[in-house]
Amino acid sequence: MTAIATATATHCPYCALQCGMAVSGNEQAPRVDPREFPTNRGGLCQKGWTAASLLTTPGRLTTPLLREDGVLRPVTWDIALDFVADKLRALRAEHGPDSVAVFGGGGLTNEKSYLLGKFARLALGTSQIDYNGRFCMSSAAAAGNRAFGLDRGMPFPVTDLDTADAVVLVGGNVAETMPPFTQHLRQAADRGGLIVIDPRRTATAELASLHLQPAPGTDLCLALGLLHLAVADGHFAADYVATRTTGFEAAWRMAARWWPEQVERVTGVSVADQRAAVRLLAQAGSAYVLTGRGAEQHASGADTVSAWINLCLALGLPGVAGSGYGCLTGQGNGQGGREHGQKADQLPGYRMIADPAARAHVAGVWGVGPDELPGPGRSAYELLDALGQPGGPKAMLVFGSNVLVSAPRSNRIAERLDALELLVVADFVLSETAARADVVFPVTQWAEEDGTMTNLEGRVLLRRKALTPPLGVRGDQDLLAELAIRLGQPAERFPTEAETVFTELRAASKGGPADYSGIDYDRLRAGEALYWPVPENDHPGTPRMFLERFNTPDGRARFIPVDHRGPAEAPDADFPLYATTGRVLQHYQSGAQTRLVPELNDAVPTMFVEVHPDTAARAGLEDACWARVISRRGTVLAQVRTVPSLRTDTVFLPFHFPGDQRANLITNPALDPTSRMPEFKVCAVRLEALS
Ligand code: SF4
């Protein structure tokens, strides 16, 4: 047992706000206290306050598990590692390198994300790697890249919002997902400028001055309509558009067709509310638009975000001090996780894998030839859907993800996982995905290891080791190194110390769009938390991006012409309701962690479905009864909560629960053509009483 004499300054294990916290006590009785950091200013949400429970959870894995005769049995690390390496070698020899897939997560540290990409491409030689961030903010990343030439979710500090006169939140419920964030919205709310766009009257909508409640899947149409009104009502920032952007005419031709009355018919948002929203935004001295998953998790997610960015550009907001566009990244390292090489199409430093110069640079850092790097692979859902299928991977290694609960159409995902010849999961508890694996490795968790995270502002910070992990538990980096060596890689190519990995990551990122080369652990240990890019050791970081120029060849932001298209699956006579999914205050992502915390699980122990009372009555349902929510893909069981503020055509389900309470049993994996984001936010369902 290691007694901690003083508290260790670190950050929360959960969301992208990365609130400052301090860990004290010891391994048997750890304690978490809030700590001052600009994103949280000493506040924590219920998840953060109870995060110490994760460190002593009774379900903690402390030995590798190997499936024998259908049962997972404890084995030594060497037996498990040898078993996996032998199997991987055999599969690669018989079926080629792409027969093995790797699936990562947006909660992994930068070092793990980096090493995972390197492991996949060098030790396995596979192109088949992607991660659950594809399900999170990939549409906003794609839209940011095509408009600004670079995606840093929020290209300004969160604290800039403190002095905003108007903030528009499109599909983001921060009052539940990251409650300390709401303190940054106070001035906008006090001045009557907080606008929330959400089909539900969420806790965040309750704080708003104006709540627009569009039908699910119509955000793109609403953004087009607001652009139309911005121009028609004389709010067009002509000088800004002329000097800092290109492509307005083509984007305008799309928006010009969307007259306010027509937008009202499609979205359900009144012309008066549309006009009020535009006026609030345009007349504010300081205005911001932030998109969340509600705008992004659609088969038209990238175009939807582009439509909101087009509106921002027409009003002259991005790249101007005191205003802007940003994405509300969700997962703890959703930003860093998408920068360091665990995406199917990217190498470290946010470099594109198909770019010859990027390949040459990264290959040079790795000490191999560019031709030795595989090309782009399948996106997350396409990868999962190909598992065990002809031409698809026959083995998969999963790190930091619980795909059985978090991927869309999850009954299909279960079949695919079962079709694999080898499923390996690294986790600190037996998640639903781990319980289906052939081999499970028990790995360290947040306060037991050092590592860097990049928060929703693009700010790189150090999450420190505060406690010694339980006996038998090893780090993901150890696991990757052990497997790599068994697969014939030189040991020095796969360092296990986080600081050593970070030093290599810096070199790999140097000169790239997300340049970390001027950040080192000494700066982070000294208390700095640096906004990338940081290209030199004495560089102070870049809190605000694009003030002089955007990251495009001509320095101008690009309007992207987009047009409305409805959801991939609209309600009909058999499935007459929209279903939309999201999170609740007490749970995080698949719930694999928060369901282990008694205070959180007791507060929301089971699946529920929010239904308007009239809709419930028509389906023969009463408050608190259990119902089947049925789509073309499956059925989820949920307890009815009648909510009068909900649209009568819409039901809402959280996605934190396992088994037959998985919201993703019903969701639609229709993919966005640009971001490959599945349409988590809309599908067609019907309700039936559970007799
Ligand atoms: Fe943790 Fe996010 Fe809650 Fe902050 S808001 S305490 S980072 S879960």
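Student: How many bridges join strand S25 to S26, and do they run parallel or antiparallel?

Tutor: Strand S25 (residues 626-630) is joined to S26 by five bridges, and the two run antiparallel; strands here are DSSP runs (E, at least two residues), helices are DSSP runs (H or I, at least four residues), both numbered from the N terminus, and two strands pair if DSSP finds at least two bridges between them. Before going on, please keep in mind that this is a predicted model, in which local features need pLDDT of at least 70 and side-chain atom pairs count only at pLDDT 80 or more, while totals for chains, interfaces and linings use all residues. Residues are numbered from 1 along each chain as its sequence is written, and side-chain values use heavy atoms, with hydrogens and water left out.

Student: Switching to S9, which strands is it joined to?

Tutor: Strand S8 (residues 166-170) is joined to S9 by four bridges, running parallel, and S9 is joined to strand S10 (residues 210-212) by three bridges, also running parallel. Isoleucine 197 of S9 has valine 170 opposite it and also stands opposite leucine 212 in S10.

Student: Are the faces of S9 covered or open?

Tutor: Both faces of S9 (residues 194-197) are covered, with Leu194 and Val196 on one side and Ile195 and Ile197 on the other, all of them buried. Buried means under 20% relative accessible area, exposed means over 50%, and partly exposed lies in between, using a 1.4 Å probe and protein chains only.

Student: What about a helix, say H19: which residues are buried there, and what do they pack against?

Tutor: In helix H19 (residues 410-418) the buried residues are Ser410, Arg412, Ile413, Ala414, Arg416 and Leu417. They pack against helix H17 (380-386), strand S16 (395-399), helix H18 (403-406) and strand S17 (422-427), where a contact means heavy atoms within 4.5 Å.

Student: Now the backbone: which peptide bond is cis, the one into Pro533 or another?

Tutor: The bond from tryptophan 532 to proline 533 is cis, with omega near 0 degrees, and proline 533 is found in the loop between strand S21 (530-531) and strand S22 (557-558).

Student: What is phi at Phe546 and at Asp69?

Tutor: Phenylalanine 546 has phi near 70 degrees, a positive value in a residue other than glycine, and phenylalanine 546 lies in the loop between S21 and S22. For aspartate 69, phi is near 55 degrees, again positive in a residue other than glycine, and its place is in the loop between strand S4 (65-68) and strand S5 (71-74).

Student: Why does one count as buried and the other as exposed?

Tutor: Phenylalanine 546 counts as buried because its relative accessibility is 8%, whereas aspartate 69 counts as exposed because its value is 75%.

Student: Last topic, the whole chain: why would you say its size agrees with a compact globule?

Tutor: With 691 residues, a compact globule would have a radius of gyration near 26 Å, and the protein has 24 Å, which agrees; the radius is taken over C-alpha atoms, and the globule rule is 2.2 Å times the number of residues to the power 0.38. Buried residues make up 65% of the 691 residues, and the secondary structure comes to 24 helices and 30 strands.
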